[in-house]
Amino acid sequence: MKSFLVFFESRKTQSLLAPVLKLCEALLELLVPIFVAQIIDEGLPSGDSVFIWTRCAILIGLAAAGLAFSVVSQYFSAVSATGFASSLRRALYAKINDLSFADLDKAGAAAVVTRITGDVERLQTGVNMGLRLFLRSPFIVFGAVVAAFCVDAIGATVFAVAVPVLAVIVFSILLAGIKKYKISQSGLEKLTLLTGENVTGVRVLRAFAKENEETEKFAEADEKYTKAQTVAGRISALMNPLTYVVINFAIITLLYIGGIEVDSGDLSKGQVVALYNYLSQILVELIKFANLIITVSRAGASGKRIKELLDVKPSQSFAENEIISDSDSEIAVRFENVSLSYGDGAKALDGISFEVKRGEIFGILGGTGSGKSSVLNLIPRFYDATEGKIFVDGNDVNLYPKKQLRDKVAVVMQKPFLLSDTVKNNICFGEADETRLAEAIEVSQSADVIASKKDGLDEEVRRGGSNFSGGQKQRLSIARALYKNSEIVLMDDASSALDNITERKLREGIARLDKTVIMTSQRTTGLKCAQRILVLEDGKAVGCDTPENLLKNCAVYREIYDLQNSDKEAE
Amino acid sequence: MKKIPLKRIMKYMKPHMPYLVLSLVCSLIYALSALFVPVMVGESIDLFIGKKQVDFNRLWSILGVISGLAAAAGISQYVQGVSNNRLAFMTIMDIRNAVIDKLQKLPLAYFDAKPSGEIVNSVVADAESLSDGIVLAFTQFFTGIVTIAGTLVLMFVYNPLIALIVVGLTPMSLFAAKYFSSRTHAKFALQAKLRADETSFIEETVYNNKTVKAYGRERAMEEKFEIIDENLRKTALDATFYSSLTNPVTRFINAVVYAAVALVGGLSAAGIITFGGTITAGVLTCLLNYAGQYAKPFNEISGVITELQASAVGANRIFSLLDAEEEPSDKDGKIISGPGNVELDNVCFSYDKSRELIKNLSLKVEPGKHVAIVGPTGCGKTTLINLLMRFYDVDSGAVIINGTDVKEGTRHSLRDNWGMVLQESWIRKTSVRENLTLGSDIDDNRILEAARLCKADGFIARLGGLDTEISDDSLSQGERQLLCITRVMLSNPGMLILDEATSAVDVRTEVKVSGAFDLLMKGKTSFIVAHRLSTIRNADMIIVMRDGNVVDKGTHKELLGKGGFYSDLYYGLVE
């Protein structure tokens with residue numbers, strides 16, 4: 001866990017002082033039995049009230065000093081734990097932006113979110129507990145043993161036996177308990193699953209008249225869970241009685257040894273009481289320590305996962321220097337025998353070659369999973385081709401610096417995404433150029449959308465864009481792409497949620513723009529304005545031509561065309 | 001504070017009464033034996049007078065008593081723990097089963113009105129919290145009270161003055177604990193809110209990382225994140241620090257009580273104070289031990305009360321689910337069966353009784369006819385299906401299937417007539433076989449034959465056969481839909497309902513699936529909600545719905561000839 005030390009850097013002093021102060025507090029606590037022993041051995045027989053008063057004053061003094069140490073230590077450990085978590089979160093968040101999409105896919109978006117939120121949170125708790133207790137609890141346990149040895153070596157042998165025995169009992173019960181608990185937890189997950197299915201599938205289950213079967217199925221799983229729970233509970237229920245019996249056995253032995261030693265004159269009454277008091281302190285701290293180890297080991301598992309993410313090396317690198325000579329090639333985008341596979345899987349694209357001329361509207365047609373989005377993903381280097389070459393403006397995409405390449409290309413995603421911010425900021429991302437904004441709004445048919453909102457351009461988008469419909473979101477994200485002022489616009493099934501009239505207007509607007517547009521669709525109707533269309537099936541190009549020629553020569557194109565137009569022709 | 005529905009919980013606890021009695025008896029034994037151990041330790045300390053003065057016979061018998069007490073305490077504590085678990089787990093199991101049984105009897109309206117997560121939560125999380133509450137209450141509540149009472153009595157017997165000091169001072173530590181926990185509550189709530197905000201920001205920008213990167217917003221987002229995170233850090237620091245104050249402060253107060261007992265006890269034992277009577281060193285040791293532990297049961301009880309509050313909220317949710325009104329019984333209903341006659345007679349229905357939906361709808365469909373239902377979103381298409389399946393009961397009028405008013409038949413026999421494929425394909429996390437048969441005992445050959453007819457055999461083989469475990473995420477939308485169609489094909493019902501069954505499937509898959517549908521529908525009375533015009537056009541009757549009413553019905557030709565809403569809709573659809 002060395003690699004995490006850097007996140008403590010800015011709060012080093014606090015991180016070091018917190019456990020040290022906690023140690024001081026523990027030391028003070030260990031002194032208490034000694035003063036109580038003094039009261040019994042010296043105060044009581046002599047009847048010296050001043051002596052008793054001062055010893056009790058010392059006890060209160062110890063408590064007050066302990067309180068002070070403890071409060072400062074708690075503060076320092078809170079500062080360093082929360083600070084540590086915060087630095088870690090920021091580092092992780094920045095890390096995500098360094099990673100390529102292939103890296104993120106591998107890590108899994110949901111897993112990444114859990115790393116930054118839940119895992120860091122658990123680590124923070126672990127660090128906080130660790131700083132506070134990691135030194136204190138063992139110190140009290142071992143300190144009590146040492147103190148016992150100082151009081152009386154023979155009596156202290158009881159400690160030397162009792163502490164390891166208790167430790168073994170406490171840890172094995174906790175570990176066994178955790179194991180059984182995990183088993184019972186999976187039973188609970190099954191119950192959750194079944195209930196969820198009963199609720200979401202209520203129509204199907206009733207349509208098939210399966211109500212009684214479902215009740216029985218659940219009862220069966222429920223009984224299994226309850227059994228597992230009972231087993232786990234039986235083990236945990238051992239903890240308190242067993243340690244209690246062991247400690248009392250130790251007390252009995254101690255009293256017996258104490259009796260012999262007092263009788264031989266080697267030990268005083270007060271010293272026996274001191275030993276007895278130390279013994280009582282041990283158990284509480286031992287259980288605290290065992291729980292701490294569990295918390296810390298849980299945090300350790302989170303830490304390991306976080307480290308894995310921090311250690312991922314970005315798989316993409318970009319050039320440093322801008323390409324100065326924009327070759328004024330007539331070809332805006334060119335694919336040369338490009339193949340792509342995501343991760344270990346099969347080929348998403350297989351030997352694709354095509355050219356898009358500057359100013360052309362180019363369509364890509366195909367069903368789900370045919371590779372349409374993959375083609376688009378390669379142009380701004382969201383992913384890197386496994387084989388073949390891609391050129392933008394005559395230059396290999398791999399030669400561009402990140403910013404220059406992504407400035408050249410504007411993308412409208414299949415799933416439109418609006419940030420929780422104003423509509424205006426969602427389109428412009430920063431300072432707005434009013435003329436460009438107006439044009440983007442007009443062409444994308446967003447004027448209606450904005451007009452329908454109370455605050456117009458300043459309307460706040462709610463989380464997940466929930467106050468906008470699918471079609472509205474699509475229009476706004478098209479506006480965003482148009483506002484970006486890039487030469488090339490990629491539209492990934494970007495008008496699927498629009499009604500026919502709006503879609504037509506959008507098409508007409510785009511056709512008027514002086515931009516290279518590449519758009520994908522499942523339907524031939526969605527590509528009406530395309531001058532040429534690339535037809536994909538299972539990642540392979542099965543045609544690339546004008547719509548008229550495709551209709552003549554491309555079977556897949558014709559099939560899709562027929563399916564969508566048969567109804568109309570039948571009239 | 002919510003009241004705990006004690007009486008109703010007791011009803012479920014009743015069959016497990018022996019555990020309850022055992023638990024209470026054991027906790028009494030445990031608390032009392034544990035209390036007497038320090039007394040015995042004190043007595044043995046008093047034997048340690050000095051050199052050659054220890055009475056070993058007496059010491060032996062005292063040690064014997066201690067081991068007896070410790071054994072009794074240990075055993076009774078274990079038995080108590082195990083009985084508490086039994087009591088709670090079995091009671092909760094019964095409650096959970098009752099809830100699931102109840103779910104099968106609730107009307108569909110209940111499920112449509114409640115988010116599914118809420119219902120699942122009641123069955124799982126609420127029940128767990130109630131179970132925790134029961135265990136904790138029986139483990140600590142009763143024991144705590146016995147311990148407190150016993151300690152008080154013993155202290156008063158030994159030395160009333162010391163007892164008064166302990167009784168007077170200990171509440172300070174309780175107040176301190178209460179003070180800090182109420183102060184930190186608000187800080188924790190704020191922390192939770194900020195954390196949720198941060199999480200949603202992270203989710204938003206990670207799930208949509210493509211947009212962030214496509215527009216080069218990485219740095220801007222990091223800056224925004226840092227502002228959010230700084231707020232969270234500060235609040236977390238506050239919450240963590242303040243909550244961590246409780247322990248040192250209560251520990252300090254307990255140390256003060258301890259010192260006070262040591263002082264007064266020491267002075268009494270030395271014979272300087274005589275008010276409470278003189279005590280021995282052994283009694284002082286025993287009293288110090290009590291003083292050190294007196295606060296513990298109080299803290300435990302207040303912990304139990306907090307836990308019970310959480311349990312009470314859950315318990316009330318569970319019982320309100322159990323109290324929800326069930327569907328009217330159909331025990332004496334007639335068996336509905338026949339060739340597939342469907343009749344709606346002057347049907348009125350609405351979900352929200354203050355807003356009319358379906359009004360005076362009448363309709364007659366002969367066996368084997370195909371009926372297409374068309375209309376804009378929210379026009380009542382799905383509602384009609386809800387009535388045909390008797391997922392909802394009509395407000396007035398009647399749905400008559402095969403000559404029987406569905407209200408007079410049994411639901412099971414009615415639904416046996418129908419096969420249904422919905423827009424949202426429902427796949428459960430189990431084997432392919434279970435998904436197709438839903439637990440019915442059907443021969444594998446028949447299953448595979450149905451799969452072949454529905455063109456589902458190919459991908460089932462690819463998945464690895466009927467025993468392969470599947471879930472929603474492991475299949476594509478098209479594959480899920482094919483399984484749902486196969487499921488209906490297997491049950492081979494006399495009538496069909498297809499509700500936008502292909503709307504979420506892509507174009508090429510739709511071709512495959514529609515073949516399966518044609519096969520399925522052959523010769524069966526079918527109601528189809530569809531967007532594909534060829535399906536609609538081929539129907540024997542088209543029902544045009546708008547705002548909950550049937551505005552027109554007839555064949556495609558007739559309706560188109562009339563002009564009106566249908567032709568608008570039709571040409572709108574084809575552009």
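Visitor: What makes up the domains of chain A?
Guide: Chain A is divided into domain 1 (1-139 + 297-317), domain 2 (153-266) and domain 3 (331-566). The model is a predicted one.

Visitor: How far apart are the centres of domain 1 and domain 3 of chain A?
Guide: Taken over C-alpha atoms, the centres of domain 1 of chain A and domain 3 of chain A are separated by 51 Å.

Visitor: What is said to be in contact between domain 1 and domain 3 of chain A, and why is the word used?
Guide: Two residues are in contact if their C-beta atoms, placed from the backbone, lie within 7 Å. Five residues of domain 1 of chain A are in contact with six residues of domain 3 of chain A. On the side of domain 1 of chain A that touches domain 3 of chain A, two residues are nonpolar, one is polar and two are charged.

Visitor: How many residues of chain A are in contact with chain B?
Guide: In chain A, 113 residues are in contact with 109 residues of chain B. Helix H2 (residues 49-98) of chain A gives the largest share of the side of chain A that touches chain B, with 24 residues. That side of chain A divides into 58 nonpolar, 34 polar and 21 charged residues.

Visitor: Why are strand E4 and strand E5 of chain A called a pair?
Guide: Two strands pair if DSSP finds at least two bridges between them. E4(A) and strand E5 (residues 395-396) of chain A have two bridges, in the antiparallel sense, so by that rule they pair. A:Phe391 stands opposite A:Asp396 in E5(A). The hairpin of E4(A) and E5(A) has two residues between the strands, and A:Asp393 takes a positive phi near 55 degrees there.

Visitor: What joins strand E1 of chain A to strand E4 of chain A?
Guide: Five bridges join strand E1 (residues 331-341) of chain A to strand E4 (residues 387-392) of chain A, and the two run antiparallel. A:Val333 stands opposite A:Val392 in E4(A).

Visitor: Why do strand E2 and strand E5 of chain B stand at the edges?
Guide: In chain B, an open sheet of four strands has the order E2-E1-E4-E5, with antiparallel pairing. Strand E2 (358-365) and strand E5 (404-405) of chain B each have a single partner strand, so one side of each is left without a neighbour in the sheet.

Visitor: Which helix packs on that sheet of chain B?
Guide: Helix H12 (residues 381-388) of chain B does, touching E1, E2 and E4 of chain B. The direction of H12 makes about 115 degrees with that of E1(B).

How values were computed: Residues are numbered from 1 along each chain as its sequence is written. Chains are lettered from A and ligands numbered from 1 in the order in which they are written. This is a predicted model: local features need pLDDT of at least 70, side-chain atom pairs count only at pLDDT 80 or more; totals for chains, interfaces and linings use all residues. Ala, Val, Leu, Ile, Met, Phe, Trp, Tyr, Cys and Pro count as nonpolar, Asp, Glu, Lys and Arg as charged, and the others, Gly among them, as polar. Domain bounds come from an automatic or database domain assignment. Axes are lines fitted to C-alpha atoms, for helices over the stretch in contact, and angles run from 0 to 180 degrees between N-to-C directions.
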